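Please read these points with the sequence and the model open beside you.

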Amino acid sequence: MSQRNTAVTDQLAAGSEAGGPDECPLPEVLALIGGKWSAQVLVELGDGPRRFTQLERAIPGISRRMLTVSLRDLERNGLVTRTVYPDSPPRVEYATTPLIEDIREPLEALTAWARRAAPVITAARRGYDSRQ
């Protein structure tokens, strides 16, 4: 796990960056679920438990390493479970925990918005870059 993600989760456990439980934990939570791959993994797991290779095929552009790192971070933070079945060869499935249910709908809405907005954002970047 990256040092950044470890620091973020340690801050959440302590209450906040400044140490007070009254401070807003939103930046830390966004760092957990807003990473490049975390939100996509969570949305993909919204349809039910998946095996590693199913997730890998369903998320374009993710490397095996980044999928592994993302799943470990999500598991460490109580957002995903990893279940090993004693088959031969062993079968491993990942699933979301009940903690995700409260944010599943907003995550899916954000994902849908990102897909719709991507061409507009790309055009805006090109326009901005051409003026610079």
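1. Helix α3. The buried residues of α3 are S38, A39, V41, L42, E44 and L45, where buried means under 20% relative accessible area, exposed over 50%, and partly exposed in between (1.4 Å probe, protein chains only). With 6 of its 8 residues buried, α3 (residues 38–45) is largely enclosed by the rest of the structure. Helices (H or I, at least four residues) and strands (E, at least two) are DSSP runs, numbered from the N terminus.

2. Basis of the values. This is a predicted model, so local features need pLDDT of at least 70 and side-chain atom pairs count only at pLDDT 80 or more, while totals for chains, interfaces and linings use all residues. Residues are numbered from 1 along each chain as its sequence is written, and side-chain values use heavy atoms, with hydrogens and water left out.

3. Overall layout. The chain has 6 helices and 3 strands, and from the N terminus on its elements run α-α-α-β-α-α-β-β-α. Of its 132 residues, 30% are buried. The accessible surface of the chain is about 8800 Å², with 54% of it belonging to carbon and sulfur atoms; accessible areas come from the Shrake-Rupley method with a 1.4 Å probe, and for residues only the protein chains shown count as cover. Among contacts with a separation of 6 or more, 45% are between residues 24 or more positions apart, a contact being heavy atoms within 4.5 Å.

4. Nonpolar core. The largest nonpolar core has 20 residues, and those with the most contacts inside it are V41, L42, L67, L71, V80 and Y94. Such a core is a set of buried Ala, Val, Leu, Ile, Met, Phe, Trp, Tyr and Cys residues joined through side-chain atoms within 4.5 Å. At least two residues of this core come from each of α2 (26–33), α3, α4 (52–58), α5 (64–76), β3 (91–96) and α6. Helix α3 gives the largest share, 4 residues.

5. Sheet. The 3 strands form an open sheet in the order β1-β3-β2, with antiparallel pairing. The edge strands are β1 (50–51) and β2, each pairing on one side only. Strands count as paired if DSSP finds at least two bridges between them. Between β2 (residues 80–85) and β3 there are 6 bridges, and these two strands form a hairpin with 5 residues between them. The antiparallel pairing of β1 and β3 has 2 bridges.

6. Y94. Which residues does Y94 touch, not counting those up to four places away in sequence? They are L45, P49, R50, F52, L55, L71, V80, T81 and R82.

7. The network at R50. The salt bridge count is 6, under the rule that a side-chain nitrogen of Lys or Arg lies within 4 Å of a carboxyl oxygen of Asp or Glu. E44, D47 and R50 are linked in a network of such bridges. The D47 and R50 side chains meet at 3.6 Å, N to O. D47 is exposed because its relative accessible area is 62%, whereas R50 counts as buried at 17%. E44 is among the buried residues of α3.

8. Other salt bridges. R104 and E101 form a salt bridge at 2.5 Å, N to O. Both lie in helix α6, 3 residues apart, or about one turn of the helix. R104 is buried at 13% relative accessible area, while E101 is partly exposed at 46%. A further salt bridge joins D87 and R91 at 3.1 Å, N to O. Here D87 is partly exposed, with a relative accessible area of 39%, and R91 is partly exposed at 24%.

9. Surface patch. L110, W113 and I121 make a nonpolar surface patch of about 300 Å². Patches are made of residues with over 30% relative accessible area and no salt bridge; like charges are joined within 9 Å, and nonpolar side chains (Val, Leu, Ile, Met, Phe, Trp, Tyr) within 5 Å. L110 lies in helix α6 (residues 98–131) and is exposed, with a relative accessible area of 51%.
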